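Subject: Handover of a structure

Dear colleague,

Please find below the structure that I am handing over to you. A short account of the findings comes after it.

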Amino acid sequence: KAGVTQTPRYLIKTRGQQVTLSCSPISGHRSVSWYQQTPGQGLQFLFEYFSETQRNKGNFPGRFSGRQFSNSRSEMNVSTLELGDSALYLCASSLAGGSSYEQYFGPGTRLTVT
Amino acid sequence: AQSVTQLGSHVSVSEGALVLLRCNYSSSVPPYLFWYVQYPNQGLQLLLKYTSAATLVKGINGFEAEFKKSETSFHLTKPSAHMSDAAEYFCAVSDAGGTSYGKLTFGQGTILTVHP
């Protein structure tokens, strides 16, 4: 089975711009979670989607949003980019997103905001 | 709310030596616990998970971890380190039976260095 894929792998944006990141989960997985990884804050949960519905959300401002499509592919959007949004954004897929289900991570999208 | 503490941000061992990476968790309900490894410029790879079936969990690449409820610990071990084990390791927790869908809470990570 193909793993989790994320596109693009690298992005450079300017402050104030917006960005959209894409995640394709493992075939058959219906839950997609997003995380932000930075040297200072570590790995932080952004949100989780299942069957096109956001079921859980982390403590991030409203500039961070996401959606999921009927084929379970997911996108996250960050509007009005700030320098502090520079990070590695990871998505993870699991069969159903419950607590016991393993999450499988993609390679991440490295976002640099200048 | 659950939390994870990894003791030691850096651990250095010699090739062939025992690897011990420490993880303590805090959770109001019985947790599910995971160890992940991250190589440079890559995502996270699952090493093993604890879901209450057995306290000693065996994972990939010769790693194992023991769940100790009395100590709220889930330390990761490997009997003999290999150069290819050099990476950053993350312990993570999710609440069993909760509604915290899709959320893993991670420790700050431990960078493992293996010397020849």
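This is a predicted model: local features need pLDDT of at least 70, side-chain atom pairs count only at pLDDT 80 or more; totals for chains, interfaces and linings use all residues.

Residues are numbered from 1 along each chain as its sequence is written, chains are lettered from A and ligands numbered from 1 in the order in which they are written, and side-chain values use heavy atoms, with hydrogens and water left out.

I begin with the interface. Contact (heavy atoms within 4.5 Å) involves 23 residues of chain A and 24 residues of chain B. The two chains bury about 1900 Å² between them, 53% of it on carbon and sulfur atoms; buried area is the accessible area (1.4 Å probe) that two parts lose on being put together, summed over both. On the chain A side, Leu43(A), Ser99(A) and Phe105(A) lose the most area to chain B, and together they account for 30% of what that side buries.

One salt bridge is found across this interface, the term meaning a side-chain nitrogen of Lys or Arg within 4 Å of a carboxyl oxygen of Asp or Glu. The side chains that form a salt bridge are those of Lys49(B) and Glu102(A), at 2.7 Å from N to O.

Strands here are DSSP runs (E, at least two residues), numbered from the N terminus. Those that give two or more residues to the side of chain A touching chain B are E4 (31-38), E5 (42-50), E6 (53-57) and E9 (87-94) of chain A. E5(A) gives the most, with four residues.

Turning to the sheet, four strands of chain A form an open sheet in the order E1-E3-E8-E7, with antiparallel pairing; two strands pair if DSSP finds at least two bridges between them. Strand E1 (5-7) and strand E7 (64-68) of chain A stand at the edges with a single partner strand each, so one side of each has no neighbour in the sheet. Within the sheet, E3 (residues 19-24) and E8 (residues 74-78) of chain A run antiparallel and are joined by five bridges. Val19(A) has Val78(A) in E8(A) as its bridge partner.

Two backbone features remain. Thr7(A) and Pro8(A) are joined by a cis peptide bond, with omega about -10°; Pro8(A) lies in the loop between E1 and strand E2 (10-13) of chain A. Ser51(A), in the loop between E5 and E6 of chain A, has a positive phi of about 45° although it is not a glycine.

Yours sincerely
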